[in-house]
Amino acid sequence: MRPLGRLDTVAGALAALRQGEVGASALAERALARAAEHAALNALVTSSPERAFAAASAAAGSTGALAGIPFVHKDLFCTAGLRTTCASKILDGFVPPYDATVAERLDRAGAVLVGKANMDEFAMGSSNENSAFGPARNPWDVARVPGGSSGGSAALVAAGVVPFATGSDTGGSVRQPAALCGITGLKPTYGRVSRHGMIAYASSLDQAGVLAHTAEDCAHVLAAIAGADPRDATCSARPVDDYVGALGAGVAGLRIGVVAQFFGDGIDPAVAASAREALAALEAAGAVLVDVSLPTLPLSIPAYYVLAPAEASSNLARYDGVRYGHRAEPVADLAELYARSRAEGFGTEVKRRILAGTYVLSAGYYDAYYRRAQRVRRLIADDFARAFESVDLLAGPTTPGTAFRLGEKTDDPLAMYAADVNTVAVNLAGLPAVSLPAPHVGGLPTGLQLIGPAFGEARLLATGHALQQRTDWHAVLPGGGA
Amino acid sequence: MSLDPAAIDHLARLARLALDPADRARLGADLGRTVAMMDALQQIDVDGVEPLAQPHPLPAGLRPDAVTETDASEALLALSGASHGGYYLVPRVIE
């Protein structure tokens with residue numbers, strides 16, 4: 001292990017740049033060199049050095065809030081002129097003609113894109129093993145998964161390659177890899193960040209997020225990307241809070257509901273103990289811990305695995321071999337062009353979810369599965385709303401265990417789905433949540449998840465900041481050297 | 001429980017997915033188990049509960065009816081594996 005250095009964080013690097021201790025080009029060079037050192041993580045699928053150095057030069061004169069800070073995008077944010085694959089063969093050769101709003105805003109803020117990160121294909125997975133580029137690896141133990149689907153993003157931040165990365169979170173895809181890699185991962189409220197140009201998986205659940213070492217760094221990045229976007233009708237027009245300014249709010253008197261179901265069956269007792277230790281640190285800082293029950297939480301896995309595949313089967317209908325991406329040749333007719341292009345382009349998990357989604361939406365099953373899951377979704381959202389009548393935040397371990405070994409769950413999709421038990425309900429209810437590093441178990445990171453009411457990001461980040469001012473679970477990186 | 005081959009073939013046809021025999025057997029078995037997991041939802045009393053399709057109400061109002069995008073047809077067609085004269089090319093549809 002090595003301590004978190006000043007240039008490993010957004011806030012530290014911004015200060016160093018401002019004081020002239022380092023230049024943006026040197027930071028870009030450092031990130032690219034580290035990416036090369038950590039090539040075995042298989043976390044970066046596209047490196048963009050020319051673009052990075054051009055952006056770094058431009059950053060020298062920029063007043064942007066993130067001017068000169070290197071970062072990577074999860075490879076589902078469209079980047080004009082830079083290939084965007086979603087880790088799928090079906091987007092082989094796809095170079096978007098436009099930028100995602102998140103990409104545009106980070107460019108405008110002066111952040112320096114050094115490449116695109118590995119992920120589970122179309123963000124479907126919890127281990128980054130469902131990637132056409134092969135699995136990304138966990139920098140704490142390369143025999144283990146980094147989590148998913150934003151696994152490459154998490155691995156690159158955790159290894160100290162870049163201070164922050166973008167991610168997306170449909171059922172835990174920012175928070176779970178953040179927890180398994182020992183970093184901070186923020187999933188904003190549904191609608192807080194534009195999804196224009198963020199390749200769709202399940203549109204009523206998807207939200208762009210941030211992976212970084214600290215809550216403070218997440219605040220800096222969220223401030224740059226949040227806010228209304230006329231190109232995304234689901235993006236909220238609500239004014240954006242001052243996330244950085246609110247970081248010092250403290251936790252005195254803050255009521256945190258400790259959710260019994262998050263500590264239920266299937267949660268590794270050692271991981272649960274880590275989450276309790278982190279909560280005890282918040283209590284020592286003045287927060288009040290309250291026992292809370294969310295009785296419908298166990299239904300979130302079946303509800304999610306009806307709704308998300310249903311939406312995916314519809315969203316992924318656009319990959320037809322005609323307009324972009326992989327096209328099967330030769331074919332006899334149009335039906336064969338569709339069926340074979342899709343069969344050759346999609347990986348097994350994507351096919352699994354397309355078929356499951358098609359099943360629950362097909363004649364005779366729509367009411368029994370899809371409509372029923374939407375009703376259960378309402379019950380789950382109502383449970384959260386009731387809980388927030390008496391507490392400010394909710395808490396529990398982010399994941400049931402530490403990072404598992406590569407291949408351990410690939411033959412058992414249901415075991416993989418079950419690992420999302422503490423994260424998917426947040427997406428069903430559209431709430432913001434953050435995963436914060438908690439004490440290690442057996443040399444591997446764990447995460448404390450805090451959940452807020454809709455648009456409560458400022459308080460979530462301030463609470464994370466308070467924890468990180470008093471503890472150092474976030475302040476270590478894997479490996480030796482500096 | 002596994003979905004029978006005819007049911008999987010029907011779904012694959014609806015989803016426009018060509019499945020080879022190995023895929024069909026494996027995905028059929030997986031889907032059977034997934035559906036069994038989803039069946040937990042059948043135990044819940046949801047009478048009178050309104051379905052929730054979106055977590056928060058969508059913003060009201062419409063954008064001004066103004067053209068904001070320029071013609072990008074050339075750039076978009078260039079992404080296609082086969083296009084000609086401003087159109088996408090597909091295999092023969094009508095005999």
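# A tour of a predicted two-chain model

Arg16(B) sits in the loop between helix H1 (5-14) and helix H2 (21-38) of chain B. Helices (H or I, at least four residues) and strands (E, at least two) are DSSP runs, numbered from the N terminus. This is a predicted model, in which local features need pLDDT of at least 70 and side-chain atom pairs count only at pLDDT 80 or more, while totals for chains, interfaces and linings use all residues. Residues are numbered from 1 along each chain as its sequence is written, chains are lettered from A and ligands numbered from 1 in the order in which they are written, and side-chain values use heavy atoms, with hydrogens and water left out.

What is the phi of Arg16(B)? Arg16(B) has a positive phi of about 50 degrees, although it is not a glycine. Most residues other than glycine have a negative phi, and most peptide bonds are trans. Arg16(B) counts as partly exposed, at 41% relative accessibility; buried means under 20% relative accessible area, exposed over 50%, and partly exposed in between (1.4 Å probe, protein chains only).

You can find Phe455(A) in the loop between strand S12 (444-451) and helix H15 (457-470) of chain A. Phe455(A) is buried, with a relative accessible area of 13%.

Now look for cis peptide bonds. One of them joins Gly148(A) and Ser149(A), where omega is about 10 degrees. Ser149(A) belongs to the loop between strand S4 (112-117) and helix H5 (151-158) of chain A. Another cis bond runs from Glu329(A) to Pro330(A), with omega near -15 degrees. Pro330(A) lies in the loop between H9 and helix H10 (334-345) of chain A.

## Chain A and two of its helices

Stepping back, chain A holds 15 helices and 13 strands. Along the principal axes, its C-alpha atoms fill a box of roughly 65 × 55 × 45 Å. Of its 482 residues, 67% count as buried.

Is H9(A) largely enclosed or largely open? Of its 16 residues, 15 are buried, so H9(A) is largely enclosed by the rest of the structure.

H12(A) has its own list of buried residues, including Tyr369(A), Tyr370(A), Arg372(A), Ala373(A), Val376(A), Arg377(A), Ile380(A) and Phe384(A). An α-helix has 3.6 residues a turn, so residues three or four places apart point the same way.

Asp367(A) is exposed, with a relative accessible area of 57%. Its C-alpha atom is separated by 57 Å from that of Ala60(A), a residue 307 places away along the chain.

## Pocket and cavities

On a 1 Å grid over the protein atoms alone, a cavity is a set of points where a 1.4 Å probe fits but cannot get out, and a pocket is an open set with protein on both sides within 12 Å along at least five of seven lines; lining residues have an atom within 4 Å of a point. Grid points are joined across faces, edges and corners, and a volume is the space filled by probe spheres set on the points.

The largest pocket has about 760 Å³ of space. It is lined by 28 residues, and the closest to its centre are Cys78(A), Tyr98(A), His196(A), Gly197(A) and Arg318(A).

How many cavities of 30 Å³ or more does the whole structure hold? The search finds 2. Among the residues lining the largest cavity are Ala123(A), Gly148(A), Tyr201(A), Tyr305(A), Arg353(A) and Asp420(A).

Helix H9 (300-315) and helix H11 (348-361) of chain A each supply at least two of its lining residues. H11(A) gives the most, with 3 residues.

The table sorts the linings by class: Ala, Val, Leu, Ile, Met, Phe, Trp, Tyr, Cys and Pro count as nonpolar, Asp, Glu, Lys and Arg as charged, and the others, Gly among them, as polar.

| Space | Volume | Lining residues by class |
|---|---|---|
| Largest pocket | about 760 Å³ | 15 nonpolar, 4 polar, 9 charged |
| Largest cavity | about 70 Å³ | 4 nonpolar, 6 polar, 2 charged |
| Second largest cavity | about 40 Å³ | 4 nonpolar, 1 polar, 2 charged |
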